[in-house]
Amino acid sequence: MSESEDWPEDVRYPDDVSREDVLGVFEVVEGPAVTTSDVKIVLGCSQERARELLEDLRATGDVRRRKSAGMYLYWRTSDEEVELPPYYQE
């Protein structure tokens, strides 16, 4: 089987999607959080590759996640570094 037969035309090769590409998805998708499906749709990679890249970013502390309604939501940790109003501060 040739390399072109291994991958559907609309799916990028795994090595074509970088961490920086994934971080860019946070700028494109409305809202503070993204899902693996968001990454898959925006970047045209497989669902598994999207999950791997998001988990790599989580391991390095660039994103955090939580589970909601059976799926993981990922958000950039840099978004947490906002100055809170005085009534939120201790």
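Predicted model: local features only at pLDDT ≥ 70, side-chain atom pairs only at ≥ 80, totals over all residues.

Biologist: Fine. Which residues of α2 meet α3?

Modeller: Asp21, Val22, Val25 and Val28 are the ones on the α2 side. Across from them, α3 contributes Asp38, Val39, Val42 and Leu43. By type, the α2 and α3 contact residues split into 6 nonpolar, no polar and 2 charged.

Biologist: At what angle do α2 and α3 pack?

Modeller: About 100°, and the axes are 10 Å apart. Angles of 65 to 115 degrees count as roughly perpendicular, so α2 is roughly perpendicular to α3. Helix α3 covers residues 36-43.

Biologist: Now α2 against α4. What angle there?

Modeller: The angle between α2 and α4 is about 90°, with 10 Å between the axes. That pair is therefore roughly perpendicular too.

Biologist: Which residues make the contact between α2 and α4?

Modeller: From α2, Arg19, Val22, Leu23 and Phe26. From α4, Leu53, Leu54, Asp56 and Leu57. The breakdown for this contact is 6 nonpolar, no polar and 2 charged. Val22 turns up here, and Val22 also meets α3.

Biologist: Let me step back. How many helices and strands are there?

Modeller: There are 4 helices and 3 strands. In sequence order the pattern reads α-α-β-α-α-β-β.

Biologist: And what share of the residues is buried?

Modeller: 26% of the 90 residues count as buried. On contact range, take the contacts between residues at least 6 apart in sequence: 42% of them join residues at least 24 apart.

Biologist: On to the sheet. What's the strand order?

Modeller: The order is β1-β3-β2, in an open sheet with antiparallel pairing. The edges are β1, residues 33-34, and β2, each pairing on one side only.

Biologist: How many bridges join β2 to β3?

Modeller: 6 bridges, and the two strands run antiparallel. Within that pairing, Val63 stands opposite Arg76 of β3.

Biologist: How do the helices sit on the sheet?

Modeller: Helix α2 packs on it and touches β1, β2 and β3, with its direction at about 90° to that of β3. Helix α4 packs on the sheet as well, touching β1, β2 and β3, and its direction makes about 120° with that of β2.

Biologist: How many residues lie between the strands in the β2 and β3 hairpin?

Modeller: 2 residues. Ala69 in that hairpin has a positive phi near 50°.

Biologist: Switching to charges. How many salt bridges did the search find?

Modeller: The search of the whole structure gives 6. One of them pairs Glu27 with Arg76, where the closest N and O atoms are 3.4 Å apart.

Biologist: Where do Glu27 and Arg76 sit in the chain?

Modeller: Glu27 is in helix α2, residues 19-28, and Arg76 is in strand β3, residues 71-76.

Biologist: Is Glu27 buried or exposed?

Modeller: Exposed, at 63% relative accessible area.

Biologist: What about Arg58? Which residue does its side chain meet?

Modeller: The side chain of Arg58 meets Glu55 in a salt bridge, 2.9 Å from N to O. Both belong to helix α4, residues 47-59, and because they are 3 residues apart they are separated by about one helical turn.

Biologist: How accessible are Arg58 and Glu55?

Modeller: Arg58 is partly exposed, with a relative accessible area of 35%. Glu55 has 17%. Buried means under 20%, so Glu55 counts as buried.

Biologist: Which other residue forms a salt bridge with Glu55?

Modeller: Arg65, with the closest N and O atoms 2.7 Å apart. Arg65 lies in strand β2, residues 63-68, and Glu55 in α4, so this pair ties together parts 10 residues apart in sequence. Arg65 is partly exposed, at 28% relative accessibility.

Biologist: So which residues end up in one network?

Modeller: Glu55, Arg58 and Arg65, joined by salt bridges that share partners.

Conventions: Residues numbered from 1 in each chain as written. Heavy atoms only, no water. Salt bridge = Lys/Arg side-chain N within 4 Å of Asp/Glu carboxyl O. Buried < 20%, exposed > 50% of the residue type's maximum accessible area, 1.4 Å probe, protein only. Axes fitted to C-alpha atoms, helices over the stretch in contact; angles between N-to-C directions. Parallel < 35°, antiparallel > 145°, perpendicular 65-115°, else oblique. Contact = heavy atoms within 4.5 Å. Nonpolar A, V, L, I, M, F, W, Y, C, P; charged D, E, K, R; others polar. Pairing = 2+ DSSP bridges.
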